[in-house]
Amino acid sequence: MKIYVDFDDCLCETAKAFTKIAARFFQKDVPYEEMHSFNLQESFGLTDDEYQKLMAEGHTDEVLLSYDETPGASRVLNEFIDEGHEVFVITGRPAVAYGASRKWLDEHGLDRAQLYCLNKYGRDFFLKDSEFSLELEDYYKMKFDYAIEDSPLAFKYFDHMPDLKVMVFDRPWNKNAEFPNGNYTRTPDWDKIRQLIRKE
Ligand SMILES: [Mg+2]
């Protein structure tokens with residue numbers, strides 16, 4: 001079995017860290033629960049310039065390494081890896097963040113998970129000429145049995161896998177998202193994800 005896992009807000013609490021950065025840099029006090037848009041610029045009401053600063057700060061090695069693990073992520077994924085299943089972390093972070101992202105995984109017991117940077121969100125405007133380690137055409141050659149993702153913007157990358165079971169990690173910005181088909185399930189935490197995969 002092959003499992004696709006998104007990084008930010010599935011494996012780690014990125015948005016919560018961004019609320020702290022926005023408060024520190026721009027005095028924007030937006031509680032995590034009120035982040036109704038996946039677009040951080042919109043959620044925090046930032047100018048283009050402020051948004052670039054926020055994203056640059058959020059992608060420094062030091063900050064990337066400081067993100068808290070989403071409870072249970074490493075435990076549940078390692079259980080599946082121990083049984084011989086494969087875990088592919090497919091992140092929308094640019095390749096420049098690969099080193100720190102790899103290190104974070106290793107430090108959180110996910111050294112056996114593979115890591116790929118895929119340009120999911122067209123975010124390269126905040127770090128000019130960003131490179132990604134996985135090209136879309138190569139991504140489309142990959143096949144997965146399960147996907148764990150929080151961003152509705154990434155759902156389109158599952159369209160070529162009609163049998164894929166998608167678990168949407170419950171976050172304030174995907175509360176009203178429309179699911180493309182019946183293979184999508186909203187999941188509140190990693191124990192529920194574990195349970196759903198076990199039941200199949
Ligand atoms: Mg995410």
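**Figure legends: the protein chain and its magnesium ion**

In this predicted model, residues 24 or more positions apart account for 64% of the contacts in the protein chain that have a separation of 6 or more.

**View 1. Overall fold of the protein chain.** The secondary structure comprises 8 helices and 6 strands. Along the sequence these elements follow the order β-α-α-α-α-α-β-α-β-α-β-β-β-α. The C-alpha atoms fill a box of roughly 45 × 35 × 30 Å along the principal axes. For 200 residues, a compact globule would have a radius of gyration near 16 Å, and the protein chain agrees with this at 16 Å.

**View 2. Surface and charges of the protein chain.** Of the 200 residues, 51% count as buried. The accessible surface comes to about 9,500 Å², and carbon and sulfur atoms contribute 47% of it. The protein chain carries 25 positive and 39 negative charges, whose mean positions are 3 Å apart.

**View 3. Protein donors of the magnesium ion.** The ion has as protein donors D6 (OD), D8 (O) and D150 (OD), at 1.9 to 2.2 Å from it. The spacing of these donor residues in sequence is D-x1-D-x141-D. D6 belongs to the loop between strand 1 (2–5) and helix 1 (14–26), whereas D150 belongs to the loop between strand 4 (146–149) and strand 5 (165–169); the pair therefore ties together parts that are 144 residues apart in sequence.

**View 4. Burial of D6 and D150.** Residues under 20% relative accessible area count as buried. D6 is therefore buried, at 2% relative accessibility. D150 is likewise buried, because its relative accessible area is 0%.

Notes:
Residues are numbered from 1 along each chain as its sequence is written. This is a predicted model: local features need pLDDT of at least 70, side-chain atom pairs count only at pLDDT 80 or more; totals for chains, interfaces and linings use all residues. Side-chain values use heavy atoms; hydrogens and water are left out. Helices (H or I, at least four residues) and strands (E, at least two) are DSSP runs, numbered from the N terminus. The radius of gyration is taken over C-alpha atoms; the globule rule is 2.2 Å times the number of residues to the power 0.38. Buried means under 20% relative accessible area, exposed over 50%, partly exposed in between (1.4 Å probe, protein chains only). Contact means heavy atoms within 4.5 Å. Accessible areas come from the Shrake-Rupley method with a 1.4 Å probe; for residues, only the protein chains shown count as cover. Lys and Arg count as positive and Asp and Glu as negative; His and the chain ends are not counted. The place of a charge is taken as NZ of Lys, CZ of Arg, CG of Asp or CD of Glu. Donors are N, O and S atoms within 2.8 Å of the metal (3.2 Å for Na, K and Ca); water is not among the atoms, so sites may look incomplete.
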